[in-house]
Amino acid sequence: SHNSTFCLCVVICSLPAMRAALLIQRWYRQYVARLEMRRRCTWNIFQSIEYAGEQDQIKLYNFFGYLMDHFTPASSERNLISHIFRENNICRNVDWERYFCYKSIEVPELYSGPHLSFPITCSNAAELVEAFKNKQQLHSRYVLQLLGETWRLLRILPNISQISTSHSKEITICGDLHGHLEDLLLVFYKNGLPSSDKPYVFNGDFVDRGKDSLEILLILFSFLLVYPNDVHLNRGNHEDHIVNLRYGFTKEVLGKYRLHGKKILKLLQKIFSWLPLATVIDHKVLVLHGGISDTTDLHLISRYRSGMTESDLEDDDPTSKPVDSSRRRVHSLTHSSSTGTRHEVQRRSLQGLNNRVTCSVEEELKERRRQAGLSQSYGDLRNSLANSDSDPDSGELLDSYGDEWKQIVDMLWSDPMPQDGCVPNEVRGGGCYWGPDVTEEVLRRHNLTLLIRSHECKQEGYEFCHNRRVLTIFSASNYYEVGSNRGAYIRMGPDLVPHFIQYQANRATRALTLRQSVGRTERSALRALREKLFAHKSDLISSFQEYDPENTGLISLGHWACAMEAVLRLGLPWRVLRSQLVGDTLDGMLDYQLWFRELLSNASLLETMYKHHSNLETIFRIIDTDNSGLISFEEFRQTWKLLSSHLQTEISDEAISDLAVSIDFNKDGSIDINEFMEAFRLVGGDLLQNEGDPH
């Protein structure tokens with residue numbers, strides 16, 4: 001009785017403290033929940049902007065592909081487009097040794113970087129890791145020799161690698177690295193270097209966005225040469241020379257190797273086309289970069305080869321190992337080489353024309369331009385199309401080659417979705433979204449238990465979906481911003497149960513509190529979003545005015561959110577973002593002109609440049625097929641005629657010629673990228689000042 005009374009007193013006396021503890025706990029949970037909501041919203045901003053850029057890239061190349069298919073053979077514009085996508089004869093095997101020959105390149109005595117010996121050894125590969133860790137650069141002679149040996153090896157590898165855990169304790173699987181060398185070095189530090197006892201699978205997207213993509217490739221290729229049975233490299237959607245033009249890898253290589261950069265890029269283009277597409281572990285776990293679709297057939301993919309041309313067979317080195325003659329090359333994932341007929345070129349584009357063309361070529365071109373975000377005004381193109389010998393059946397359903405091509409694109413570009421079914425991936429612009437029912441069917445059909453893929457950045461570095469039958473792994477930490485996400489890799493033993501190791505490669509991130517990390521990432525995401533708003537200022541104001549028929553300058557916040565989504569199409573929770581993007585309102589009504597003045601700027605000229613900068617730079621690099629950094633006056637003239645729609649104008653040949661001469665600042669008879677961008681800036685400025693009057 002005495003003890004019971006004592007306990008009751010303790011409870012009564014503790015009630016205020018317990019209540020306080022509960023209040024603190026409740027407050028903390030709400031605080032963490034708010035931070036998590038902000039973090040998810042920030043994540044949506046980054047991801048939506050990223051995918052919108054990929055969609056722009058694919059639309060641009062679909063547009064080029066359509067033009068190539070429909071311009072008359074005699075037109076100079078078609079010659080230009082053909083020049084863009086042509087098969088590069090210099091890369092045929094019969095000329096390979098001469099063009100990519102490294103023997104004539106001398107390594108100077110003053111060179112202090114790593115020296116490689118061939119056949120390459122494990123110590124060479126380890127030295128290369130250490131050298132790149134210390135910011136050293138590999139000499140171009142060794143780069144070309146290493147890439148040449150890699151190309152020879154890849155040509156004899158299967159399209160789908162079969163590996164087993166029976167000879168080792170664990171297999172390590174890494175996702176996207178995207179030029180983040182520090183992440184690869186951290187994985188090697190924590191997990192050990194690749195070896196016969198420590199096999200690795202690297203699941204694509206080694207390049208672009210980061211600053212050390214080439215170093216990552218050279219490290220991975222060196223270990224591949226040393227341990228060809230224990231190091232496996234799957235192709236990603238960024239292992240594509242066309243995608244590299246937009247996302248930085250082309251620029252990186254040319255910046256690091258000014259003298260031999262063009263040869264290095266040409267050789268890498270060949271290498272990318274021969275990378276395997278998938279890896280299967282113990283006949284049960286499928287590892288590929290993007291995903292699957294309801295038509296995925298691994299047996300078909302294993303027979304198909306994304307690396308062979310007829311010239312490869314005809315000109316192959318008789319001393320090299322045999323290559324399966326049924327395998328064919330796929331140079332670019334967004335648009336394959338133009339070695340086939342006109343209509344084969346069209347079928348090889350990323351999206352293709354899946355339905356029969358029911359309108360005229362002129363109407364179809366107009367629609368294509370609309371889909372590509374280009375102007376409806378196309379002036380001189382009309383004359384070129386007037387005599388087009390287009391085939392009314394050019395939009396027929398894909399043939400067997402097209403079926404294979406679509407499957408490869410699906411494997412490299414697709415993403416999972418929570419709903420059943422399989423639909424086109426309109427967010428990225430290529431591949432598909434597939435549901436859990438498709439996962440179950442494809443895994444059942446091939447007697448598999450798990451699909452491991454990458455392709456999507458995840459906040460924790462990995463994520464399960466589809467009843468834990470699909471696993472996404474992403475190995476580039478701090479991908480969007482310092483603190484935005486962890487990286488991770490997988491260890492998998494004979495039981496085929498994945499074990500995750502997470503990390504942050506940036507030391508500064510580890511010192512940040514959760515609030516600091518979220519705040520820093522949020523500021524970066526909002527800055528990127530404001531740039532997007534800046535690029536679409538005119539379109540946004542026009543959309544706002546539709547909700548303001550009396551021209552009061554005011555719209556409701558609900559209409560503001562609807563207009564934002566209608567113009568930007570980012571799928572963002574605009575009502576949630578309102579507090580970060582919109583300041584004071586008057587009785588719930590927004591003065592949108594004042595909002596733009598406060599939030600952005602009133603410089604229409606800068607708006608034009610912001611809106612088209614990425615596309616214009618990509619276009620320049622497409623036209624500059626030899627990566628010289630220069631285009632001729634004639635190429636400039638033809639390019640302008642094709643792409644003047646970016647500025648919603650038409651311009652005469654004489655005016656274009658005068659412009660080309662005037663912007664050739666150094667008077668060398670050609671135009672570099674800075675002069676090219678200046679041309680669009682000058683004409684864009686005149687255009688806006690004259691309200692679109694043609695020159």
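## Strands E13 and E14 and their sheet

In this predicted model, strand E13, residues 487–492, pairs with strand E14 in the antiparallel sense, and six bridges connect the two. Within this pairing, Ala488 stands opposite Gln502 of E14. Strands of a sheet pair through backbone hydrogen bonds, in either a parallel or an antiparallel way.

Both strands belong to an open sheet of five strands, whose order is E4-E3-E2-E13-E14 and whose pairing is mixed. Strand E4 (231–233) and strand E14 (498–503) are the edge strands, each pairing on one side only. On average, neighbouring strands in this sheet are turned by 20° against each other, with direction ignored.

## Helices on the five-stranded sheet

Helix H6, residues 181–191, packs on the sheet. The strands touched by H6 are E2 (171–174), E3 (200–202), E13 and E14, and the direction of the helix makes about 120° with that of E14.

Helix H7 covers residues 213–226 and lies across E3 and E4. The angle between H7 and E4 is about 130°.

## The loop between E3 and H7

Arg209 is located in the loop between E3 and H7. Its phi is positive, about 75°, although Arg209 is not a glycine. Most residues other than glycine have a negative phi.

Asp212 is found in the loop between E3 and H7 as well, and is linked to Lys256 in helix H9 (residues 249–256). Lys256 and Asp212 form a salt bridge in which the closest N and O atoms are 3.7 Å apart. The structure holds 14 salt bridges.

## The three-stranded sheet

A further open sheet has three strands in the order E7-E9-E8, again with mixed pairing. Strand E7 (415–416) and strand E8 (422–424) are at the edges with a single partner strand each, so one side of each has no neighbour in the sheet.

E8 and strand E9 (residues 432–434) run antiparallel and are joined by three bridges. Val423 has Tyr433 in E9 as its bridge partner.

Strand E11 (residues 462–465) and strand E12 (residues 470–473) are antiparallel, with four bridges joining them. Tyr462 stands opposite Ile473 of E12.

Four residues lie between the strands of this hairpin, and His466 takes a positive phi near 55° there.

The peptide bond from Phe118 to Pro119 is cis, and its omega is near 0°. Most peptide bonds are trans. Pro119 lies in the loop between helix H3 (93–99) and helix H4 (122–133).

## Cavities

Rolling a probe the size of a water molecule over the atoms shows where empty space is left. Three cavities of 30 Å³ or more are present in the structure.

The second largest cavity holds about 60 Å³ of space. Its lining consists of 17 residues, and those nearest the centre are Glu50, Asp176, His178, His455 and Tyr479. Sorted by class, the lining of this cavity has seven charged, five polar and five nonpolar residues.

Note on methods
Residues numbered from 1 in each chain as written. Predicted model: local features only at pLDDT ≥ 70, side-chain atom pairs only at ≥ 80, totals over all residues. Heavy atoms only, no water. Pairing = 2+ DSSP bridges. Axes fitted to C-alpha atoms, helices over the stretch in contact; angles between N-to-C directions. Contact = heavy atoms within 4.5 Å. 1 Å grid on protein atoms, 1.4 Å probe; cavity = no way out; pocket = protein on both sides within 12 Å on 5 of 7 lines; lining within 4 Å. Points joined across faces, edges and corners; volume = space filled by probe spheres on them. Nonpolar A, V, L, I, M, F, W, Y, C, P; charged D, E, K, R; others polar. Salt bridge = Lys/Arg side-chain N within 4 Å of Asp/Glu carboxyl O.
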